[in-house]
Amino acid sequence: MSELAELAGQAVERALTVGAGSAEAYVADATHREVRVHGGEVESLTAAGQRGVGVRAWIGGRVGYGFGTDLSPAGVEAIAGRATAAASVADEDRFAGPAGPGTPASLDNLSDPSLAGWPASRVVELALAVERAALDADQRVVGVEQAVYFDSSERIAIASSTGAGGEYERSSCYAYAQALAEGDGGRETGLGFGLARGPAGLDPGEIGREAATRAAQMTGSGKPRSQVCPVVLDATVAASFVGLLGLALSAAAVQRGRSPLAGRLGEVVASEAFVLRDDGLAPDGFASAPIDAEGTPRRRTPLVEDGRLQAYLHDAYTARRGETASTGNSGRSGYRVPPSVAASNLIVSPGTASLEELLGAAGDGVLIHDVAGLHSGVNQVTGVFSVGASGLAIRGGETAEPLREFTIASDLVSMLRAVRAAGAEPRWVPFGGSVSAPPLLIGEMTVGGS
């Protein structure tokens, strides 16, 4: 048993000693670094860490929470005491209670041990290499708005009076660049990024070239005409929509009536070409772990198969309220906050079509490379959205002129039902959660332009 696991167990014991009927402790030891470079110089370099414990205590159906960074015996006892005191004055909730015991799977290779061997100077050089690659890739690139490297490493231990819990280590890093290209009287930006367990898994040349290519191909862009037409979402944009879908699949949102998928279990909500699962055990998933944030074993949960909605995402609380079992989807951003329902790795099953084949099947339409204001532009209750977008025209099954300053509009369920094909090349996207998605061909969507 590790030091963190011992601390978690001690915190639970202290809570029970001071009056809790049941208790759970979450101990985290996490570090992260971020480097931002511009013009061949370091703009900022930050490194931070946090080490602390969060304790939930229950007295009957009342729950209280306490957290802190003093992990001495006296400090842990004080934290447990605050959680128990908070429970004593909380409102009664018949669904409140800790997670039940389970047997976590064994997961290897969630952490890259070489991360510790990369000093600040070396990750700075990686970020600078990303910027140089973007500048060298295309003569139309006149600058890089920002090049960023980020990494994180965490050790987590959870204990509960019910026997739920476990521990794990996990690391991840990413780098991205926003290139700026000039041509035809205007300037355009393009994003390139990479994601890995450790910095050695990142290819700065590939990241920089992607940013440069995306920016350069957008020069000379104009507005499309307003139309209803086929749309191809590239993998990054598809992943962004899937991340929103994960929020709609939260049982907490469903039970509050704040989801367009509420009350639709078993119904057809998508075409058969769209298959989605939440997989907390995916070997290459960046949110993978043996347990969720309250100690329930992670698992693979089919969400949309054969076009039908198969399940919602549950933690222990929503499972009791919904008279079902937890899907192992409790998450939290750190020890300072109690857990809540969250997706782990949302994975869209790839199809067999290349991007070129998707474009060919679209015929005439639009390839979407970027969307703006997605979270603010989507009604979380109805799923209706209208968001700004940019990309390339599709004409005769091939990409044509660049397009910008237009909108795409639909609603989540209609969009899923209109999926005609999924591409063969999925991509992990680090922004907005851990999502793996291929390009998607949408048979029909409203494009608002000139």
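Helices here are DSSP runs of at least four residues (H or I), and strands are DSSP runs of at least two (E). Counted that way, the chain has nine helices and 20 strands. Keep in mind that this is a predicted model.

**Overall build**
- The chain's radius of gyration is 24 Å, which agrees with the value near 22 Å that a compact globule of 450 residues would have.
- Buried residues account for 54% of the 450 in the chain.

**Salt bridges**
- The chain has 20 salt bridges.
- One of them joins Arg404 and Glu188, at 3.2 Å from N to O. Arg404 sits in strand β16 (residues 398-411) and Glu188 in strand β6 (residues 186-196), so this pair ties together parts 216 residues apart in sequence.
- Of these two partners, Glu188 is buried at 11% relative accessibility, while Arg404 is partly exposed at 28%.
- Arg36 pairs up with Glu34, their closest N and O atoms being 3.2 Å apart. Arg36 is partly exposed, with 24% relative accessible area, and Glu34 is partly exposed too, with 21%.
- Arg264 and Glu267 also meet in a salt bridge, at 3.2 Å from N to O; Glu267 is partly exposed at 35%.
- There's a network as well: salt bridges link Glu3, Asp29, Arg51 and Arg155.

**A positive patch**
- On the surface, Arg94, Arg256, Arg258 and Arg321 come together in a patch of positive charge.
- Look for Arg94 in the loop between α2 (73-88) and α3 (120-137). Arg94 counts as exposed because its relative accessibility is 72%, and the cut-off for exposed is over 50%.

Methods. Residues numbered from 1 in each chain as written. Predicted model: local features only at pLDDT ≥ 70, side-chain atom pairs only at ≥ 80, totals over all residues. Heavy atoms only, no water. Patch = residues over 30% accessible without salt bridge, like charges linked within 9 Å, V, L, I, M, F, W, Y side chains within 5 Å. Areas by Shrake-Rupley, 256 points an atom, 1.4 Å probe, with all protein chains shown as cover. Salt bridge = Lys/Arg side-chain N within 4 Å of Asp/Glu carboxyl O. Lys, Arg positive; Asp, Glu negative; His and termini not counted. Charge placed at Lys NZ, Arg CZ, Asp CG, Glu CD. Buried < 20%, exposed > 50% of the residue type's maximum accessible area, 1.4 Å probe, protein only. Rg over C-alpha atoms; globule rule 2.2 N^0.38 Å.
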